[in-house]
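Please look over the chain shown below before reading the notes that follow. They are meant to be read beside the sequence and the coordinates.

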Amino acid sequence: MTKAAEIDIASVSKVYGTTTAVHSISLKIPAGSYCCLLGPSGCGKTTTLRMIAGHETITSGDVLLGNKNVTDLAPAERGTAMMFQSYALFPHLDLVDNVAFSLKMKGVDKETRRAKALDMLKLMQLDAYATRRPAQLSGGQQQRVALARALITDPEALLLDEPLSALDPFLKVRMRAELKKLQTSLGITFVHVTHSQEEAMALADIVVVMNDGRIEQAAPPRTVFERPATAFVARFMGDHNVISGRVTEVSEGRLTLAVAAGASFSAPADTAEIGAPADIAIRTDRVQVGVDAADGYGFTGTINNIEYRGSSVKLAVSGAGIEDFTAILSDKVFFANPVKVGEAIQLSWNAEDVIVLGRPS
């Protein structure tokens, strides 16, 4: 198998007419890592993947694979392979000929290419189905055929465009484990586009959160989860409450943030500009209910909704000028002192659980 290559995206932009789909992004994807491009529909993640693959021209900037500038090379000359969302298998060919197709296009003789295709099917545990057509396979099996076909060219990087979106929830979880195992055993660079936070967290060594054609944060999953860089990342990952306001005071290692409705909140900070807009974030599972708050580290709110989730209970609360605030309690904590919709409750958190968020550049 070909060795993995680092992917270096240097100030890459994509413009369609008057619309900029990708705004001068720069990103280094380490060789042999599993990278997930994560974000909502229309954020530029698939366009970025297609520019790495060569299926989309780059308006400005460069893409380097290893130490080779591949910006102007055709897809087949780059050392990458792409697995499409639709799998795009040939219905009239058996699995061996489907997998061997790219080698046939390169002029590799029939015996050699079929032998290599069988090896790839064996890797995917599909050798017993070699003579079948795609229509005779399940969705998960079809996906593994598409993977085998992409990997047969010994790419330095495998590019995957929402590869799990067509699968049912149980199969998704199983295929996630298979993809991670495959990437680890092959040791090549995987770049995987997804809009699922859970998928990115489960698979990636590096999560790249995109929004509106820009990179909001690129970091290991735990960092993105525990230390979101911006309000968008905190909201998109879904595990933090974001409070937005203006800085009214900075003293003794903390700032005071006033929200539009007049309530004030505190956050640890050494510097901040008085009067400047700012965002702070509090993890939803670090919020305490019924505990008196230290100055600026909590508020009294009204419960709007309660969702039982088995091991946890989600409370949606509003108050102090905040319309939508979430507390996630363990089922044990909630049922030890249950509350009802419409009740007023005291919410609080510890100073160390508050993050001052950056602003998008």
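The model is a predicted one. Among its helices, α2 packs against α3 at an angle of about 125°, whereas α4 and α5 cross at roughly 20°. Among its strands, one open sheet has the order β13-β12-β11-β14-β20, and another open sheet has the order β15-β19-β16-β17-β18.

**Helices α2 and α3**

- Helix α2, which spans residues 95-105, packs with helix α3, residues 110-123, at an angle of about 125°, and their axes lie 8 Å apart.
- The crossing in which α2 passes α3 is right-handed.
- On the α2 side, the contact is made by Leu95, Val96, Asp97, Val99, Ala100, Leu103 and Lys104, while α3 contributes Arg113, Arg114, Lys116, Ala117, Leu118, Met120 and Leu121.
- By residue class, this contact of α2 with α3 comprises nine nonpolar residues and five charged ones, with no polar residue.

**Helices α4 and α5**

- Helix α5 covers residues 169-186, and its axis comes within 11 Å of that of α4, with the two axes crossing at roughly 20°.
- Since angles under 35 degrees count as roughly parallel, α4 is roughly parallel to α5.
- Helices α4 and α5 cross in the right-handed sense.
- The contact draws on Gly140, Gln143, Arg144, Leu147 and Leu151 from α4, and on Leu171, Met175, Glu178, Leu179, Leu182 and Leu186 from α5.
- The residues of the contact of α4 with α5 fall into seven nonpolar, two polar and two charged.

**The open sheet with β11, β12 and β13**

- Five strands make up this open sheet, in the order β13-β12-β11-β14-β20, and their pairing is antiparallel.
- Its edge strands are β13 and β20, the latter at residues 354-357, and each of them pairs on one side only.
- From one strand to the next, the twist averages 45°.
- Strand β11, residues 240-251, pairs with strand β12, residues 254-258, in the antiparallel sense over five bridges.
- Within this pairing, Ser251 is placed opposite Arg254 of β12, and Glu249 has Thr256 of β12 as its bridge partner.
- β11 and β12 form a hairpin in which two residues lie between the strands, and Glu252 in the turn has a positive phi of about 50°.
- On to strand β13, residues 264-268, β12 is joined by five bridges, and these two strands run antiparallel.
- Here Leu255 stands opposite Ala267 in β13.
- The hairpin of β12 and β13 has five residues between the strands, and in this hairpin Gly262 takes a positive phi near 110°.

**The open sheet with β15 to β19**

- This open sheet also consists of five strands with antiparallel pairing, and their order is β15-β19-β16-β17-β18.
- Strand β15, at 288-289, and strand β18 are its edge strands, each of which pairs on one side only.
- Two bridges connect β15 with strand β19, residues 344-348, and the two strands run antiparallel.
- In that pairing, Val289 faces Leu347 of β19 as the residue opposite.

**Gly139 in helix α4**

- Gly139 belongs to helix α4, which spans residues 139-151.
- Is Gly139 buried or partly exposed? At a relative accessibility of 34%, Gly139 counts as partly exposed, because that class lies between the cut-offs of 20% and 50%.
- Once its neighbours within four places in sequence are left aside, Gly139 is in contact with Tyr87 and Leu167.
- Leu167 is 28 residues from Gly139 along the chain, and the C-alpha atoms of the two residues are separated by 6.6 Å.

**Ser330 in strand β18**

- Ser330 is located in strand β18, residues 322-330, and β18 is one of the edge strands of its sheet.
- With a relative accessibility of 32%, Ser330 counts as partly exposed.
- Which residues does Ser330 touch, not counting those up to four places away in sequence? Ser330 touches Ser311 and Ser312.
- Ser330 and Lys314 lie 16 residues apart in sequence, and their C-alpha atoms are 8.9 Å apart in space.

Conventions
Residues numbered from 1 in each chain as written. Predicted model: local features only at pLDDT ≥ 70, side-chain atom pairs only at ≥ 80, totals over all residues. Heavy atoms only, no water. Axes fitted to C-alpha atoms, helices over the stretch in contact; angles between N-to-C directions. Helix = DSSP H or I, 4+ residues; strand = E, 2+ residues; numbered from the N terminus. Left-handed = near helix turned anticlockwise from the far one by under 90°. Contact = heavy atoms within 4.5 Å. Nonpolar A, V, L, I, M, F, W, Y, C, P; charged D, E, K, R; others polar. Buried < 20%, exposed > 50% of the residue type's maximum accessible area, 1.4 Å probe, protein only. Pairing = 2+ DSSP bridges. Parallel < 35°, antiparallel > 145°, perpendicular 65-115°, else oblique.
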